Amino acid sequence: MLDTAPAYRYVQERLGVDVKTAAAATELASLGVDSLALLEMVFEIEERFGVKVDEDTPPPRSCGELVALIERLAATKP
Amino acid sequence: MSARRVAVTGLGMVSPLGATAQASFEALLAGRSGLRLHAPADAPKPLSVPAGVCAEFDPAAAFGRAKAGTLDRYSQLGITAGLAAWRDAGLEPAASEDRESWGIAWGTGVGGAMVFERGYRDLFIGGRERLPPLTVVQAMNNACASHLAIQLALGGSCATYSVACASAAMALGEAFRRVRSGAAPVMLAGGSEAPLAYGVIRAWLALQVLAPGDAESAPRASKPFLRERAGLVLAEGGGALVLEDWARAEQRGARIYAELCGYGESCDHGNLVRPSSEGQARALRAALADAAMAPQEVDYVNAHATGTREGDTVEIAALTDVLGAHAAQVAVSATKSAHGHTLGAAGALAAAFTVLGLREGVVPPTLGEAAELDPECAGVAHVTGSARRGVPLRAALTNAFAFGGTNAVLAFRAAD
């Protein structure tokens with residue numbers, strides 16, 4: 001079974017949101033994540049999880065989508 | 001010369017003394033020190049020096065964690081100070097009128113040093129091959145000014161002055177000229193600095209100009225004008241002033257703190273680090289002439305005085321030269337004794353404290369006692385220990401003298 005804790009932990013550390021208890025639908029924009037902040041976070045995710053975020057990947061809009069993206073990339077990591 | 005006058009209508013600050021301009025000023029008047037022993041994070045070798053740290057400043061609270069992570073600390077401090085000044089002036093945060101000629105003039109010495117240092121650490125120590133994609137736009141010296149221009153919809157001049165310790169003073173002077181000339185009805189001006197990175201501290205140590213100190217002595221390590229002075233104390237901070245066409249400010253009923261009425265600049269053109277009283281005197285005379293202010297009108301000078309052996313005496317020589325016999329009556333203080341030397345932001349902190357002093361009729365002190373003063377710094381009316389109140393303050397000067405030999409002096413008058 002996939003260990004989802006790292007993805008949750010990243011979102012908690014980076015945005016101060018506990019996705020396990022807060023609404024996963026919380027919009028990233030409401031947390032101050034603009035296009036520049038998202039660019040920085042994509043880099044962090046790639047470095048931290050050893051994954052590659054393709055340029056055509058739809059940008060996550062909510063905390064839940066962000067966690068799902070990390071989980072999907074980690075699960076399909078070569 | 002244009003008949004336009006320039007009003008200071010807003011003040012903002014984050015300093016080692018407090019999270020706002022007023023809180024910092026009150027701490028200054030109370031004789032409190034914002035200095036402490038500081039050990040930079042992630043240092044590869046143990047290091048601690050006396051420093052001015054903005055301990056009350058919380059970037060996550062100010063910006064949210066996501067946004068804070070996209071900004072170097074010098075920008076965090078500067079944006080916070082700039083927006084505070086804007087709010088203080090009673091101006092709208094977003095464009096409510098045509099702001100295509102409104103602008104910003106900012107000062108910083110080392111700019112995004114924190115971000116550069118993080119990058120070098122990752123590359124050289126961490127062995128990484130990639131840097132965060134925002135490294136360039138976080139670290140560039142005009143990042144802070146640009147963020148403020150974007151947030152406040154300022155469409156005119158957006159310039160950053162990097163002139164070491166005269167950066168913010170020069171930014172204020174250039175902004176002043178734009179308002180007085182009619183080029184811009186409103187300018188946001190100031191500076192910010194976050195120099196407490198391991199490599200930056202090491203570089204200053206190598207220059208042998210930092211004051212020593214331990215945990216106990218650090219709060220009093222900065223001793224400008226005192227016999228026991230042994231160097232400067234690095235500090236971080238940000239300060240901002242809103243400069244506005246006087247008639248416009250009156251028309252909208254703005255609170256006018258004081259008038260910025262003169263700006264003088266000069267270059268020693270002699271030595272990178274050894275100051276020249278002749279060069280400083282030329283800047284002082286230029287500021288007085290620009291303000292049409294006689295030396296006898298000057299009641300207070302917020303000195304550059306960083307606490308170095310040579311610098312403080314050279315500044316006194318310049319002041320006594322320019323102010324003549326009147327110098328002995330001029331109140332002089334070195335507020336860096338309380339908040340340290342914020343380098344490129346220093347001119348903004350000095351200007352804000354001077355404006356508040358003019359408004360409230362009070363001279364902030366140099367920390368220390370009169371008995372500790374260096375006889376070689378005699379010739380002016382030093383204000384030490386506690387604030388001087390109850391004396392009329394009509395006009396004041398602020399000095400900012402930089403490595404490289406650039407001198408910038410601002411002249412202020414109390415509001416009518």
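Mentor: Let us begin with a definition: axes are lines fitted to C-alpha atoms, for helices over the stretch in contact, and angles run from 0 to 180 degrees between N-to-C directions. Helices (H or I, at least four residues) and strands (E, at least two) are DSSP runs, numbered from the N terminus. The model is a predicted one, in which local features need pLDDT of at least 70 and side-chain atom pairs count only at pLDDT 80 or more, while totals for chains, interfaces and linings use all residues. Residues are numbered from 1 along each chain as its sequence is written, and chains are lettered from A and ligands numbered from 1 in the order in which they are written.

Trainee: At what angle do helix H4 and helix H7 of chain B pack, and how far apart are their axes?

Mentor: Helix H4 (residues 73-88) of chain B packs against helix H7 (residues 143-152) of chain B at about 35 degrees, and their axes are 9 Å apart.

Trainee: Which residues make the contact?

Mentor: Two residues are in contact if their C-beta atoms, placed from the backbone, lie within 7 Å. H4(B) contributes B:Tyr74, B:Ser75, B:Gly78, B:Ile79, B:Gly82, B:Leu83 and B:Trp86, and H7(B) contributes B:Ala143, B:Cys144, B:His147, B:Leu148, B:Gln151 and B:Leu152. By class, this contact has 8 nonpolar, 5 polar and no charged residues. Here Ala, Val, Leu, Ile, Met, Phe, Trp, Tyr, Cys and Pro count as nonpolar, Asp, Glu, Lys and Arg as charged, and the others, Gly among them, as polar.

Trainee: What makes chain B as compact as a globular protein of its length?

Mentor: The chain comes to 14 helices and 15 strands. Its radius of gyration is 20 Å, close to the 22 Å that the globule rule gives for 416 residues, so chain B is as compact as a globular protein of that length. The radius is taken over C-alpha atoms, and the rule is 2.2 Å times the number of residues to the power 0.38. Along its principal axes, the C-alpha trace of chain B spans about 60 × 55 × 40 Å.

Trainee: Into which domains is chain B divided?

Mentor: Domain 1 is 6-251 and domain 2 is 262-414, with bounds from an automatic or database domain assignment. Their C-alpha centres lie 21 Å apart, and the contact takes 61 residues from domain 1 and 53 residues from domain 2 of chain B. On the domain 1 side, H8(B) gives the most, with 8 residues. That side has 33 nonpolar, 19 polar and 9 charged residues.

Trainee: Why is B:Gln208 called exposed?

Mentor: A residue is exposed if 12 or fewer other C-beta atoms, placed from the backbone, lie within 10 Å of its own, buried if 20 or more do, and partly exposed in between. B:Gln208 has 7 within 10 Å, so B:Gln208 is exposed. This residue is in the loop between helix H9 (198-206) and S7 of chain B, and its phi is near 60 degrees, a positive value in a residue other than glycine.

Trainee: Is B:Ala292 buried or exposed?

Mentor: B:Ala292 has 11 other C-beta atoms within 10 Å, and is therefore exposed. The loop between helix H11 (277-290) and strand S9 (300-302) of chain B holds B:Ala292. By contrast, buried residues make up 58% of the 416 residues in chain B.
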